[in-house]
Amino acid sequence: MASKASDLYQNMVRVDEPEARIQVELPDGLLPLALNVELPGGYVSEVVPSDVRVPHTASTMFSTADSFQMAAEFHVLMGNRPLARDGIELCRIRVRNIKWSGAGVPQIELRFELDATGVLTVSAANLDRSNAEIVVFTAGDVVTQSDIQQALADAREHEAADRATRDLIQKMLECYAFIGATNDYYSAAKKKMSHGAKSTYKQTRKRLEKALSVDVADATDDTVVELHAAEAAFRAQRQQILPLYKQVMDWYR
């Protein structure tokens, strides 16, 4: 991922319409590469899988990652690899004037329409406000057969590395969920924990959160080792918290 905001649009053109249109050269009426959206961390979420037959329509819902976020941007790519940097860049869609609320509350729909001739239309809709501003930048008008064949060849060449990357992404998602669930236990169990025990829990959680803060695209062998070590330490903390949580819950019953 580019580190400077200006770099994100270096090879893009702003269009006047509130949607992006790209011609995709399709072989045999099939979409050879998946359509994806970049997520925080540099990896992608698949919206339309590869090998679907056209015409095809799909949509997915997104929300905000931070509270009181007033704008959101969607980076749309084509490819079969897990990292955004390895995909074919299609467009960026920026949605402004988002509902003023907590994280995860606003509703933004991203829609993909691929017609029988290979014209892909990508659009966004703010379901909370009719006066939202939609700004669209495109990376080009056409995805050629040459582009597609190169992307397919790259995916085959890096298949083993991409498998490891997907495993890392899955591990990180599991850790995020594990932190959330364990925090719920801690909220109740801390009533029976000493100051030192609470401090140890917080430090262990921060260690795991720090290990998770590394972008997947920037992960090294050392950061992966630290992630597994931090996860193991946090799991040990959870095992100490669970009996205390049960005691508190039994008292309420």
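User: Where does Gln-107 lie?

Analyst: The model is a predicted one. In it, Gln-107 is found in the loop between β7 (88–96) and β8 (108–114).

User: Why does Gln-107 count as partly exposed?

Analyst: Buried means under 20% relative accessible area, and exposed means over 50%. Gln-107 has 40% relative accessibility, and therefore counts as partly exposed.

User: Which residues is Gln-107 in contact with, leaving aside its neighbours within four places in sequence?

Analyst: With those neighbours set aside, Gln-107 contacts Met-61, Phe-62, Ala-125, Asn-126, Leu-127 and Asp-128. As for Phe-62, 45 residues separate it from Gln-107 in sequence, while the C-alpha to C-alpha separation in space is 6.1 Å.

User: What makes Arg-94 and Glu-73 a salt bridge?

Analyst: The criterion is a side-chain nitrogen of Lys or Arg within 4 Å of a carboxyl oxygen of Asp or Glu. For Arg-94 and Glu-73 the closest N and O atoms are 3.2 Å apart, and the pair forms a salt bridge. This pair links distant parts of the chain, with Arg-94 in strand β7 and Glu-73 in strand β6 (residues 71–78), 21 residues apart. A network of salt bridges links Glu-73, Glu-89, Arg-92 and Arg-94. The structure holds 16 salt bridges.

User: Why is Arg-94 called buried, and what is the relative accessible area of Glu-73?

Analyst: Arg-94 has 18% relative accessibility and therefore counts as buried, the cut-off being under 20%. Glu-73 has a relative accessible area of 29%, so Glu-73 is partly exposed.

User: How do you know that Arg-81 and Asp-86 meet in a salt bridge?

Analyst: Their side chains meet at 3.6 Å, N to O, and the limit is within 4 Å. Arg-81 counts as buried because its relative accessibility is 12%. Asp-86, with a relative accessible area of 29%, is partly exposed.

User: What separates Lys-171 and Glu-174 along helix α3?

Analyst: Lys-171 and Glu-174 are three residues apart in helix α3, and therefore about one helical turn separates them. Their closest N and O atoms are 3.9 Å apart, and Lys-171 forms a salt bridge with Glu-174; the limit is within 4 Å. Lys-171 has a relative accessible area of 18% and is therefore buried. Glu-174, at 36%, is partly exposed.

User: Why are α3 and α5 described as roughly parallel?

Analyst: The axes of helix α3 (residues 159–189) and helix α5 (residues 221–252) cross at roughly 30 degrees and come within 9 Å. Angles under 35 degrees count as roughly parallel, and α3 and α5 are therefore roughly parallel to each other. Their crossing is left-handed. By class, the residues of the contact of α3 with α5 comprise 19 nonpolar, two polar and four charged.

User: What makes α3 and α4 roughly antiparallel?

Analyst: α3 and helix α4 (residues 195–212) pack at an angle of about 160 degrees, and their axes are 11 Å apart. Angles over 145 degrees count as roughly antiparallel, and α3 and α4 are therefore roughly antiparallel to each other. α3 passes α4 in a left-handed crossing. The contact of α3 with α4 has eight nonpolar, two polar and four charged residues. Among them are Met-172, Cys-175 and Tyr-176 in α3, and Lys-198, Tyr-201 and Lys-202 in α4.

User: How do you know that α4 is roughly antiparallel to α5?

Analyst: The axes of α4 and α5 cross at roughly 150 degrees and come within 9 Å. This angle makes α4 roughly antiparallel to α5, the cut-off being over 145 degrees. The crossing of α4 and α5 is left-handed. The residues in contact include Ala-197, Thr-200 and Tyr-201 of α4, and Glu-226, Leu-227 and Ala-229 of α5. The contact of α4 with α5 divides into 11 nonpolar, three polar and four charged residues.

User: How many helices and strands are there in the chain?

Analyst: The chain has five helices and 11 strands. Of its 253 residues, 38% are buried. The C-alpha trace spans about 65 × 45 × 35 Å along its principal axes. Of the contacts between residues at least 6 apart in sequence, 73% join residues at least 24 apart.

How values were computed:
Residues are numbered from 1 along each chain as its sequence is written. This is a predicted model: local features need pLDDT of at least 70, side-chain atom pairs count only at pLDDT 80 or more; totals for chains, interfaces and linings use all residues. Side-chain values use heavy atoms; hydrogens and water are left out. Axes are lines fitted to C-alpha atoms, for helices over the stretch in contact, and angles run from 0 to 180 degrees between N-to-C directions. Helices (H or I, at least four residues) and strands (E, at least two) are DSSP runs, numbered from the N terminus. Angles under 35 degrees count as roughly parallel, over 145 as roughly antiparallel, 65 to 115 as roughly perpendicular and the rest as oblique. A crossing is left-handed if the near helix is turned anticlockwise from the far one by less than a right angle, and right-handed if clockwise. Ala, Val, Leu, Ile, Met, Phe, Trp, Tyr, Cys and Pro count as nonpolar, Asp, Glu, Lys and Arg as charged, and the others, Gly among them, as polar. Buried means under 20% relative accessible area, exposed over 50%, partly exposed in between (1.4 Å probe, protein chains only). Contact means heavy atoms within 4.5 Å.
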